[in-house]
Every structure is written in C-alpha cells, then in structure tokens.
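Visitor: I'm new to this one. Can you walk me through it?

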Amino acid sequence: MSKVTVPKLNSYDRTLTVAPDKSISVRAVVLCSYAHGKSTVRNISLCDDVLSAIDCMRRLGANITIEGNTAHITGAPFRSCSVDCGNSDTTARLLIGLLSGLNGVFEVNGNMPLALRSMRHIIDPLRLMGARITDADGHLPVRIIGSPLGGLEYFMPLSSAQIKSALLLAGLNSSSTVTVTEKIKTRDHTERMLKTLNGEVTEDGDTVQCANSVLFGNDITVPGDISAAAYPLALGVCLNGSCTVKNVGLNETRTGFLDVLRKIGAKVEVSNFVDGAEPSGDITVSGGRLRPIIIGASDVSHVIDEIPILCALACHIDGISVIEGAWELCNNDSAVISATVAALKALGADIEEIDGGMIIRGGKKLTCGCIDPRDDHRIAMAAAVAGAAGGGVCITNADCVEVGYPSFFAEVIGG
C-alpha cells in the first residue's frame, strides 16, 4: 500500500465505526502488564503502535494473548531487558517513567523517527526524583538503572499528556506522592485507567497526584478513537452531507474537535451515551453554512491530534481560518505544521505557516495533486479527506496509516 489514489467524492452520507482508541489501547497494554493478576482488554486497537507496546511488555515478562480484538494479559514482575518501541512515543515515554523506580537494568529504544524525538522533558524531572538514566543527548536509546525514587511537585512547562503520564507512573514506586500541575488540563486516560486498576490517584482542577500503589488486573473495554472519527466527520461536513460514527470515546479531555465543529456552525448530535470509566456514544455531524476556524493557544491541547484535519476542513470554508499556539507541533522533530502546510499546498490550498501555527484562506477549489505525508498518519488521512472533498489526491508512502488506523482507506474513503 505504498501509494494510494483517493478519488474526488461528490457526496458523503455514511454510518460507520472507526478504529479503537490507540491512546487508551497502549495504556491498557502497559498498565495491565504491570498489574498483578489477569486483565481482559476488549476492542483493543491492533495498529502498529499498539503491537509495538505488546512486544515491549512481552519482553519485560508479561503474558499477552490476542483473540480477535480482545487481549488477555497476565502481569508479571518486569525483568531486565532492552525494548524496541517502534514508532510509539507513548509507549516509550510511559515505560521510561514506569521502569525508573523498578529493580533492574532496562534500555528503551525505537525506530529512527522516534529516536529523533526529545525525551528530555521526561528525563529531567525523573532525575529530580532520583532516577538513574543515561540518554543520547536527550534522545533514545535511554538506559535506566532502576533505583528508589522520591516524590515530586512539578509544574508542567508545556502541555503534554505523555509527560504527565510518565511522571504519574513513576509515582507508583516513589517513596512519597508525585504531584503534577498543568497549565491546561490534557487528556486523562492514564489517571482513569490507574483508578480502574486500584491506583491511588487524586485530582483537583489542573493538579493530579499519584501515590505509591499496587495495581491489580481488571476488565477494560476500549471505545472508538475520537481522533480517528474526526476524519469521516470532517469529510461529511466538507461535502455538506451527514456522517454518524458509532461507539466513540467521549472523554471530555478529547472532545475539543466536536466543540470546534459546533463553533463553526456544524450540527453535532450525541446519542446512546454510556457513562463508564471512559464515556462513549454515537456522534452524528452534518454540514451547513460554516464560519472560519479560529483556534488559540488555550484551545490547542484539546485538539492537538486533530490539527491537520482541521486545516483540511478549513480549506473548504470561505474566509480566513487561523490556528495559533501549536508549539508542540513545530518544536518537536516530526514538524507536523510544516508537513501539513506542504501537503495541502500540493493540492492547491492557500495556506501558510506562521510562528506556532497556520493561516488558511479557504474557499479556493482544491485540485488533484500528489503528496508525501512524511511518515505521519495524521497528515496522510487529512490529505485524503481534503482530496476526496476537492479534486482527488495521490498519497505516496500511504502505509504510514498502519501506525494508527490500518483500515482507514477502506472504511472511511472506500466504504
């Protein structure tokens, strides 16, 4: 699937399910493998990132079997070893935090794109707790000599659920409480799952604490990924149609995309709501007369994964859309902003990069073009939506979607 051609679509009225939530699936694999006893994880994602997490946890000693889309996990004391996280930054960062307080010697590594991403924002506060870590100038491979950890009171300099999660997992084996305060509250899947597995976690506004805890296995059901749902929902809006995505996660720290759709004038309805450890329901979105998209720094953390698809949507809305404060997407080594701008420009979009964001002058008819997603599945899928609602698109290296949504082209575009 190295090259995919997406045709122009004239209409889009679909009801579908999307890939299980990758963020929750990775956390379930890591935490259930560390917990005492057995866990069953239903509707687990089997994308490349989750498969990398499974491989890492097996190497550490957990017993994991897969039956269809269900994982049966039996936790075990972790043994010294080297793990390869592939391209999964979530797996790498969670493990660096978790392994720092355990007995043993561990090495955390990954593929070349992952090795280019900085781990310094995790390693530095862990060292303040007493972690013994060596690294390659703040990058993988990271070598950990497990050691006793003290507590920590940490104010996050940037919004990142992965950094927060790594520090909370270190708190499971610290001598006193780990307290993390965020500027803006990020997704809380780790906190919710720790509570499900008996972790001692408390929250007060933008501050979360984790105390030394023993985790026990439990049953977990993974909802559909709302970030994955953003692509068919956006396509329905672009083509002034209607799209329903069933059984999607509705965690309030992840529904910023729906808030944006409402603000710009799309009709958003939620039905069949289930209030569980991770709330879920069905989402129906239909288009209409839309206003330009305006996203400021205070909003970015709630739509961080959806920035590329929001840019694609903005191309189809008359007027000037502005996205600002997305520093996490331009300061990291994946350079999502510049890659998104390049991809949409190749389709004829009037879009430019600004400091920490983008300006999109929408309403211009897109033409057929060929784009390289630069190994980022979000950009490949956003370009597919922009092309399907425009003049079509040829996507090279399209197999990068395997990282997060392996069945995307069949289910969303070709379904």
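Visitor: What relative accessible area does Asp-135 have?
Guide: Asp-135 has 24%, so it is partly exposed. Buried means under 20% relative accessible area, exposed means over 50%, and partly exposed is in between (1.4 Å probe, protein chains only). This is a predicted model: local features need pLDDT of at least 70, side-chain atom pairs count only at pLDDT 80 or more, and totals for chains, interfaces and linings use all residues. Residues are numbered from 1 along each chain as its sequence is written, and side-chain values use heavy atoms, with hydrogens and water left out.

Visitor: Which side chain meets Asp-135 in a salt bridge?
Guide: Arg-127 does, at 2.7 Å from N to O. A salt bridge is a side-chain nitrogen of Lys or Arg within 4 Å of a carboxyl oxygen of Asp or Glu. Arg-127 is partly exposed as well, at 34%.

Visitor: How many salt bridges are there in the whole structure?
Guide: The search finds 22. One of them joins Asp-305 and Arg-378, at 3.6 Å. That pair links distant parts of the chain, 73 residues apart: Asp-305 is in the loop between helix H10 (297–300) and helix H11 (307–314), and Arg-378 is in helix H14 (residues 377–388). Helices (H or I, at least four residues) and strands (E, at least two) are DSSP runs, numbered from the N terminus.

Visitor: Is Arg-378 buried or exposed?
Guide: Buried, at 15%. Asp-305 is partly exposed, at 22%.

Visitor: New topic. How many aromatic pairs are there?
Guide: Four. Rings of Phe, Tyr and Trp (its six-membered ring) pair if their centres lie within 6.5 Å; planes under 30 degrees apart count as stacked, over 60 as edge-to-face and the rest as tilted. Tyr-231 and Phe-408 make an edge-to-face pair, 6.0 Å centre to centre with 80° between the planes. Those two are 177 residues apart, with Tyr-231 in helix H8 (residues 226–238) and Phe-408 in helix H15 (residues 408–413). Both are buried.

Visitor: Why does the pair of Tyr-405 and Phe-408 count as edge-to-face?
Guide: Because the planes of Tyr-405 and Phe-408 are at 70°, with the ring centres 5.7 Å apart. Tyr-405 is buried too. Tyr-231, Tyr-405, Phe-408 and Phe-409 form one aromatic cluster.

Visitor: On to strands. How do S8 and S9 run?
Guide: Antiparallel: four bridges join S8 (residues 132–136) to S9 (residues 139–145). Two strands pair if DSSP finds at least two bridges between them. Ala-136 stands opposite His-139 in S9.

Visitor: What sits in the loop between S8 and S9?
Guide: Asp-137 is there. The hairpin has two residues between the strands. Phi of Asp-137 is near 55°, a positive value in a residue other than glycine. At 62% relative accessibility, Asp-137 is exposed.

Visitor: What joins Leu-140 and Pro-141?
Guide: A cis peptide bond, with omega about 0°. Pro-141 lies in strand S9.

Visitor: Which strands form the open sheet of four?
Guide: The order is S18-S19-S21-S20, with mixed pairing. S18 (294–295) and S20 (351–354) stand at the edges with a single partner strand each, so one side of each has no neighbour in the sheet. S20 runs antiparallel to S21 (residues 357–362), joined by four bridges. Glu-352 stands opposite Ile-359 in S21.

Visitor: How many residues of helix H6 are buried?
Guide: Eleven of its eleven, across residues 161–171. Among them are Lys-164 and Leu-168.
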